[in-house]
Amino acid sequence: MNPRPASPAKRGTRAKPKEVVKPWIKIVLEEKRARGLTNQDLQEAFDVSTSGAVSHYLTERRQVTIEQLLNIAEILEIDPIVLLGDKGLELHKKFRKENA
């Protein structure tokens with residue numbers, strides 16, 4: 001007996017790209033690259049035990065908490081207010097430009 005084909009919902013486990021990525025995610029990804037960090041380096045900030053779980057937050061499969069954002073800001077050594085809203089992205093760009 002042949003197994004049933006996977007349902008459309010189960011095909012392809014990769015997250016679909018979002019048209020709009022939340023500003024805090026852009027900042028975290030940029031800072032990760034700039035500092036040579038991996039998802040494993042952020043596990044403690046998210047209070048998770050695997051780098052895959054960190055990826056779930058960075059692809060919006062899980063919702064981040066304020067406490068986690070504060071932890072991330074501490075690890076990345078950036079002002080937490082930068083991660084808390086749309087204005088934060090503008091502040092971050094200005095900060096990076098001034099400190100380049």
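Predicted model: local features only at pLDDT ≥ 70, side-chain atom pairs only at ≥ 80, totals over all residues.
Helix α1 has 13 residues and spans 18 Å from its first C-alpha to its last, close to the 18 Å expected at 1.5 Å a residue.

The chain as a whole has five helices and zero strands, so that, by the DSSP runs used to assign elements, the order from the N terminus reads α-α-α-α-α. Of the 100 residues in the chain, 29% are buried. Among the contacts with a separation of 6 or more, 54% are between residues 24 or more positions apart. The chain exposes about 7600 Å², and carbon and sulfur atoms supply 50% of that area.

The buried residues of α1 are P23, W24, I25, I27, V28, E31 and K32. I72 shows how the parts meet: apart from neighbours within four places in sequence, I72 is in contact with W24, V28, A45, F46 and L83.

Side chains of opposite charge can pair when their charged atoms come close. E31 pairs with R35, with the closest N and O atoms 2.7 Å apart. Both residues lie in helix α1, four residues apart, about one turn of the helix. An α-helix has 3.6 residues a turn, so residues three or four places apart point the same way. E31 counts as buried because its relative accessibility is 0%, whereas R35, at 34%, counts as partly exposed.

R35 also forms a salt bridge with E77, and here the closest N and O atoms are 3.7 Å apart. This pair links distant parts of the chain, with R35 in helix α1 and E77 in the loop between α4 and α5, 42 residues apart. E77 counts as exposed, because its relative accessibility is 62%. Through shared partners, the salt bridges join E31, R35 and E77 into one network.

The remaining salt bridge is between E60 and K22, whose closest N and O atoms are 3.7 Å apart. It too links distant parts of the chain: E60 is in the loop between α3 and α4 and K22 in the segment before α1, 38 residues apart. Both count as partly exposed, because the relative accessibility is 24% for E60 and 40% for K22.

E60 has a backbone feature as well: its phi is near 65°, a positive value in a residue other than glycine. D47, in the loop between α2 and α3, likewise has a positive phi, near 60°, without being glycine. D47 counts as exposed because its relative accessibility is 70%.

On the surface, I66, L70, I81, L84 and L91 form a nonpolar patch with about 440 Å² of accessible area together. One of these residues, I81, lies in the loop between α4 and α5 (86-98). I81 counts as partly exposed because its relative accessibility is 48%.

Terms used: Residues numbered from 1 in each chain as written. Heavy atoms only, no water. Contact = heavy atoms within 4.5 Å. Helix = DSSP H or I, 4+ residues; strand = E, 2+ residues; numbered from the N terminus. Expected span 1.5 Å × (residues − 1). Buried < 20%, exposed > 50% of the residue type's maximum accessible area, 1.4 Å probe, protein only. Areas by Shrake-Rupley, 256 points an atom, 1.4 Å probe, with all protein chains shown as cover. Patch = residues over 30% accessible without salt bridge, like charges linked within 9 Å, V, L, I, M, F, W, Y side chains within 5 Å. Salt bridge = Lys/Arg side-chain N within 4 Å of Asp/Glu carboxyl O.
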